[in-house]
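I opened this entry to record what I looked up, item by item. The sequence and the structure come first, and my notes follow.

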Amino acid sequence: MKRIAIVGLQWGDEGKGKMTDVLAKEADLIVRYQGGDNAGHTVKFESYTYDLHILPSGVIHPHVISILGPGMVINLETLFNEKKPFPDATIKVSNRAHLILPFHKILDAKKEETQHIGTTKKGIGPSYSDKINRQGLRVSSLLNKERFITEANALAALHEIEFDATAYYNQFEKEILALIPHMIDVSKYLDDAIKEHKTVLFEGAQGVMLDIAHGTYPYVTSSSPSVSGIPSQVGMAPWLLQGALGIIKAYSTRVGEGPFPTEIHTELAHQIREVAHEYGVTTGRPRRIGYLDLISLKHAVRVSGITHIAITLLDVMSEMDAIKVCTAYELDGHIIDEVPAHIDDLSRVKPIYDTLPSFKEDISQITNYHDLPEAAKAYVTYIENALQAKIAYVSVGPKREQTIQLENMWEVSRD
Ligand code: IMP
């Protein structure tokens with residue numbers, strides 16, 4: 001395959017950054033297709049740990065061209081700061097991506113006072129709202145200083161927030177002028193790359209259960225992390241995408257508010273949070289911990305057309321005395337196998353569990369699948385059968401080397 005999507009199948013934080021990094025060595029281009037600096041990808045390389053929020057995780061590979069796609073919302077300050085440790089990286093930015101301006105963060109915080117979604121307060125929702133309301137500013141506004149100042153001041157006035165667009169532009173003028181040659185029409189750039197048989201990785205942020213259309217609405221982000229977001233947002237025909245690697249954690253986590261049917265409320269949640277450092281990369285908030293939820297995963301696999309799966313953090317399962325997997329929900333006395341559309345209904349479902357044998361061994365140094373304990377392999381096979389998608393990678397630790405490859409996505413034939 002030459003064009004692959006990497007998509008989180010839960011509520012984000014599945015380890016997409018690590019898997020992007022694993023696949024990056026054979027990628028020519030890596031395109032982030034949605035979201036903004038609400039994302040947090042931790043990538044470990046040699047003795048360095050990088051927390052990336054806006055740049056694709058492939059940026060640490062000098063041969064990769066990193067692209068911020070048109071479906072993104074971009075906070076310039078984050079972008080300019082995050083670029084600094086990568087002077088040799090080639091970073092292109094869509095001229096159609098929208099800007100997050102400082103007042104978007106104010107609006108986000110204000111809305112949270114009453115709405116309580118538990119957003120990252122990065123201004124994501126308000127920037128996307130302006131986009132959909134046909135009043136936002138795109139990256140291309142930066143091409144002309146006067147035009148930017150007029151547009152940004154007008155938008156701030158519309159929101160009745162004081163903002164000095166001249167001061168804002170002046171603060172970043174040097175970096176903006178340096179960025180201008182790297183502002184591109186992503187659709188055209190990709191079209192040329194595809195014709196030259198380049199390999200392209202589309203890197204999602206967040207996860208399908210946070211998708212504005214298919215997630216646990218309204219407790220979602222304001223973009224489309226699922227695969228269907230890619231063609232429309234980057235400007236590419238859907239049939240050009242050849243495969244989608246869905247990333248799932250061996251258990252579940254969620255940050256922010258919203259229903260989480262398999263949430264664990266015992267000491268085990270605390271134990272897992274500490275062992276696996278389950279704290280948000282962007283906000284530092286403790287992540288809520290739960291058992292694997294096959295109902296939401298089947299939903300995510302279906303809406304995203306997932307062809308392959310990577311299971312991450314399998315090593316953490318050795319903390320559990322019994323491996324519980326949710327196989328159905330009970331809602332008002334009825335057994336259901338789908339995610340209810342209304343948040344009220346979803347918050348009332350009771351999970352029905354299967355219990356599988358656990359393994360207590362440390363598997364973090366295992367590099368060959370066959371060397372995994374039988375119970376670990378049984379869990380992997382159970383997931384594969386339930387989701388009807390091939391397991392391609394199993395991750396047993398945060399480092400690149402702690403990845404067991406069962407199939408190399410790039411070598412799968414699907415032309
Ligand atoms: P927003 O994207 O900041 O508007 O937040 C909306 C919801 O998405 C909140 O529940 C956030 O906690 C969640 N969220 C946003 N980005 C991430 C992420 O990268 N990982 C996990 N959750 C996220």
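This is a predicted model: local features need pLDDT of at least 70, side-chain atom pairs count only at pLDDT 80 or more; totals for chains, interfaces and linings use all residues.

Entry on the second largest pocket. I listed its lining as Phe80, Lys83, Lys84, Lys174, Glu175, Ala178 and Leu179. The biggest contribution is from α6, with 4 residues. For the volume of this pocket I have about 150 Å³.

Entry on the ligand. I found 16 residues around the ligand, and those that come nearest are Asp13, Asn38, Thr120, Thr221 and Arg285. By class, I have this shell as 6 nonpolar, 8 polar and 2 charged residues. For Thr221, a polar side-chain atom lies 2.6 Å from a ligand oxygen. For Asn38, an N or O atom of the side chain is 2.9 Å from an oxygen atom of the ligand. Gly118 takes part through its backbone, where an N or O atom lies 3.3 Å from a ligand oxygen.

Entry on the backbone. The peptide bond from Tyr217 to Pro218 is cis, and I read its omega as near 5°. I located Pro218 in the loop between β10 (200–203) and α8 (229–234). His197 has a phi near 60°, which is a positive value in a residue other than glycine. I placed His197 in the loop between α7 (186–195) and β10. I kept both because most residues other than glycine have a negative phi, and most peptide bonds are trans.

Entry on the whole protein. I counted 12 helices and 20 strands. The radius of gyration is 21 Å, close to the 22 Å that the globule rule gives for 415 residues, so I put the protein down as being as compact as a globular protein of that length. For the extent, I noted that the C-alpha trace spans about 65 × 50 × 40 Å along its principal axes.

How values were computed:
Residues are numbered from 1 along each chain as its sequence is written. Side-chain values use heavy atoms; hydrogens and water are left out. A residue is near a molecule or strand if one of its heavy atoms lies within 4 Å of it. A polar contact is a pair of N or O atoms within 3.5 Å; within protein, one must be able to donate a hydrogen and the other to accept it, and residues adjacent in sequence count only if both atoms are side-chain atoms. Ala, Val, Leu, Ile, Met, Phe, Trp, Tyr, Cys and Pro count as nonpolar, Asp, Glu, Lys and Arg as charged, and the others, Gly among them, as polar. On a 1 Å grid over the protein atoms alone, a cavity is a set of points where a 1.4 Å probe fits but cannot get out, and a pocket is an open set with protein on both sides within 12 Å along at least five of seven lines; lining residues have an atom within 4 Å of a point. Grid points are joined across faces, edges and corners, and a volume is the space filled by probe spheres set on the points. Helices (H or I, at least four residues) and strands (E, at least two) are DSSP runs, numbered from the N terminus. The radius of gyration is taken over C-alpha atoms; the globule rule is 2.2 Å times the number of residues to the power 0.38.
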